[in-house]
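Work through the exercises below with the sequence and coordinates at hand. Each task is followed by a stepwise solution.

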Amino acid sequence: MERLQKVLAERGVASRRKSEELILAGRVKVDGKVITELGFKVGNKAQILVDGKEVFANEKKYYVLNKPEGYLTTLADPFKRRTIADLFTQKMRDERVYPIGRLDYESSGVILLTNDGTLANKLIKNNDNIEKIYHLRVFGIITQGIVEKLLKGIIIDDLLTKVTKIENIKIDKKTNQSECQITIYDGKNRQIRNMIASLGLKIKWVKRLSYASITSDNLASGEIRPLKPHEIKKLYVL
């Protein structure tokens, strides 16, 4: 017997937290009965319906998306804005894959997708220990002083946030712009934008180059590829 929200996550309905929201909203039935209790447990033979549609165990699927700018990292938006689900094939929709974590609307780059709720939950819980590499361009000059402050850490919303590594700094004095590649481990909401803004600079664009060493190399903007077996294995041992 497993908790209902865990089973929903494992079957690719949504993350465990979102699955809990579905249960509390009365959108889940087990063997014909609406369940609103988060501690409710189900067996392998239980019939589970979400919004009236039966939920079956799916074959586990894993993908990487090169997210374009101007797409929300979610599967639906009440304001009808573009979401990453607009980039999915019908096969992926049928597989019920969803994003692991988020990348903000204005940013581009690596997003992992899966219907493996156990892995997704593991990575989300371990997010602050996972390497993420970004390439960014800013309005303003990245000075040695700014580099030192980023490496030392900045307090934002009462939390210390810092960059682990800064490299490939390029400065264009004619346009008063700079580029660099940074590595971080913690992944707070809009972390890079907030850190840069606190130092008097402004982001022009941000692209996530890798997440846990998984890259979107050779993928055009908006393209998706399945993860390779060694990449999936690497995620499980993080």
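**Exercise 1: Methionine 92**

Classify methionine 92 as buried or exposed, and state which residues distant in sequence touch this side of the chain.

Solution. 
1. The model is a predicted one. In it, methionine 92 has a relative accessibility of 4%.
2. Buried means under 20% relative accessible area, so methionine 92 counts as buried at 4%.
3. Methionine 92 belongs to helix α3, residues 90-95.
4. With neighbours within four places in sequence left aside, the contacts of methionine 92 are Tyr63, Val97, Leu113 and Ile224.
5. Lysine 174 lies 82 residues from methionine 92 in sequence, and the C-alpha to C-alpha separation of the two is 46 Å.

**Exercise 2: The two sides of α5**

Determine which residues of helix α5 are buried, and explain why they line one face.

Solution. 
1. Helix α5 covers residues 144-152, and its buried residues are Ile146, Val147 and Leu150.
2. Viewed down the axis of α5, these buried residues fall within an arc of 100°, so they line one face of the helix.
3. An α-helix has 3.6 residues a turn, so residues three or four places apart point the same way.
4. On the face turned away from the buried side, α5 carries the exposed residues Gln144, Lys149 and Lys152.
5. The packing partners of the buried residues are β11 (154-156), β13 (165-172) and α6 (191-198).
6. Just after α5 comes glycine 153, with a positive phi of about 115°.

**Exercise 3: The whole chain**

Describe the protein by its helices and strands, its burial and its charges.

Solution. 
1. There are seven helices and 17 strands.
2. Of the 238 residues, 47% count as buried.
3. Among contacts with a separation of 6 or more, 64% join residues 24 or more positions apart.

Technical notes. Residues are numbered from 1 along each chain as its sequence is written. This is a predicted model: local features need pLDDT of at least 70, side-chain atom pairs count only at pLDDT 80 or more; totals for chains, interfaces and linings use all residues. Side-chain values use heavy atoms; hydrogens and water are left out. Buried means under 20% relative accessible area, exposed over 50%, partly exposed in between (1.4 Å probe, protein chains only). Helices (H or I, at least four residues) and strands (E, at least two) are DSSP runs, numbered from the N terminus. The arc is that of the directions from the helix axis to the C-beta atoms. Contact means heavy atoms within 4.5 Å. Lys and Arg count as positive and Asp and Glu as negative; His and the chain ends are not counted. The place of a charge is taken as NZ of Lys, CZ of Arg, CG of Asp or CD of Glu.
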